[in-house]
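Visitor: I would like to learn how to read a structure such as this one, step by step. Could we begin with the ligand and then turn to the helices?

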Amino acid sequence: MSYSAALAGKAVLVTGAAGCIGAWVVKQLRDLGAIPVVFDIAENRERLHLIMPDADTVIWELGDITDFGRLLEVAEMHNTEAIIHLAALQVPFCKADPVGSTRINVMGSIHMLELARQRGITRLSYASSVAAPAMGDNNWLATLYGAHKICGEQMAAVYWQDWGVPSIGIRPAIIYGPGRDQGMSAAPTIALMAAEVGEAYTIPFTGDVGFVYVEDAAERFIAAASRSFEGAHVFDLNGTPATVTEMLALLNDHYPDAAIGATGDPMPFPAEGNSGALEQLIGLPDCRPLDAGIADTVAGFQAAKARGVDLAGMYQHTLGKTP
Ligand SMILES: NC(=O)c1ccc[n+]([C@@H]2O[C@H](COP(=O)([O-])OP(=O)(O)OC[C@H]3O[C@@H](n4cnc5c(N)ncnc54)[C@H](O)[C@@H]3O)[C@@H](O)[C@H]2O)c1
């Protein structure tokens with residue numbers, strides 16, 4: 001059975017679904033006939049409105065993943081049969097709030113595993129990050145966020161070992177595409193948005209980047225939660241490696257007059273080719289190439305504008321999001 005057929009008609013709990021990847025997960029779940037149940041601390045449908053016309057009708061449960069009672073209540077209320085756990089604070093937000101972010105990223109993650117254990121849910125995917133392998137014995141950047149993600153992976157391994165709760169953790173590299181508007185690596189998408197609204201913008205890093213188009217990432221989280229896979233798996237999702245210079249050349253193909261540049265140090269995270277191991281397990285083709293992802297981003301922004309989304313206003317708001 002295809003992954004889409006496996007989830008049709010089923011309620012899927014999506015934590016952090018007001019976020020960038022989460023919005024795309026919600027859209028795709030809807031498109032394939034599943035019932036996404038958003039669980040987010042914010043009632044903010046801005047990213048969903050950016051990418052889909054019917055965002056107002058999505059089931060939305062306000063809640064904090066550090067509140068296990070609320071998670072249990074929502075899972076019971078909607079009889080959720082799968083979990084896609086995306087809620088987290090990213091690198092700069094962890095640095096700005098070390099204790100609070102640990103509560104969300106670590107306690108929140110164990111709550112999702114415990115929810116699966118108590119409810120007998122065996123379809124579970126969750127977001128780790130390229131910042132996790134960066135924590136190893138290497139020259140990449142160690143971050144509190146990466147430590148949280150490593151901890152999440154290890155807790156998932158113990159939940160499989162001790163209680164037979166299966167899971168798939170996915171470590172995306174740099175997500176780009178409509179809705180990517182905050183965090184250390186959001187700048188390539190912000191640059192595309194700036195070009196679309198006619199503003200100047202400078203990407204604050206250079207060098208190699210593992211570009212992962214957001215829709216490809218969402219599809220992988222969904223396929224990984226579509227059935228129970230024995231074990232506690234963790235996969236890198238490297239996407240398409242390219243330099244920021246190459247990315248800017250592709251941007252210029254769409255916006256020849258854009259005032260967009262890049263400066264600064266290289267991104268301190270690995271940028272390697274996709275191994276294909278995740279795709280082999282869940283049965284998907286490889287991620288789309290960067291030129292296609294950039295064309296899709298541009299088309300996404302233009303479609304949103306055509307639906308009446310205030311992209312220029314959204315761009316101004318985006319600039320203040322990351323500490
Ligand atoms: N964006 C990337 O490049 C990238 C790369 C690697 C991994 N990831 C991981 O993928 C996941 C999704 O990333 P994203 O870019 O969509 O994130 P995002 O920052 O756009 O969204 C995160 C969402 O989590 C919600 N949230 C925060 N704290 C919460 C809490 N206590 N309870 C409930 N909801 C809460 C926020 O309101 C937000 O909607 C995260 O786990 C992130 O660490 C992202």
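Guide: The residues of the shell around the ligand divide into 16 nonpolar, 11 polar and two charged, where Ala, Val, Leu, Ile, Met, Phe, Trp, Tyr, Cys and Pro count as nonpolar, Asp, Glu, Lys and Arg as charged, and the others, Gly among them, as polar. This is a predicted model, in which local features need pLDDT of at least 70 and side-chain atom pairs count only at pLDDT 80 or more, while totals for chains, interfaces and linings use all residues. Residues are numbered from 1 along each chain as its sequence is written.

Visitor: Which residues come nearest to the ligand?

Guide: A residue is near a molecule if its C-beta atom, placed from the backbone, lies within 6 Å of it. Of the 29 residues around the ligand, G16, G19, A88, A127 and I175 come nearest.

Visitor: How are two packed helices described?

Guide: They are described by the angle between their axes and the distance between the axes. Here the axes, lines fitted to C-alpha atoms over the stretch in contact, with angles from 0 to 180 degrees between N-to-C directions, belong to helix 8 (residues 187–197) and helix 12 (residues 290–306), and they come within 10 Å and cross at roughly 50 degrees. Helix 8 is therefore oblique to helix 12, since angles under 35 degrees count as roughly parallel, over 145 as roughly antiparallel, 65 to 115 as roughly perpendicular and the rest as oblique. Helices are DSSP runs (H or I, at least four residues), numbered from the N terminus.

Visitor: Which residues of helix 8 and helix 12 meet?

Guide: T189, L192, M193 and E196 in helix 8 meet I294, T297, V298 and F301 in helix 12, contact being C-beta atoms, placed from the backbone, within 7 Å. By class, five residues of this contact are nonpolar, two polar and one charged.

Terms used
Helix = DSSP H or I, 4+ residues; strand = E, 2+ residues; numbered from the N terminus. Contact = placed C-beta atoms within 7 Å.
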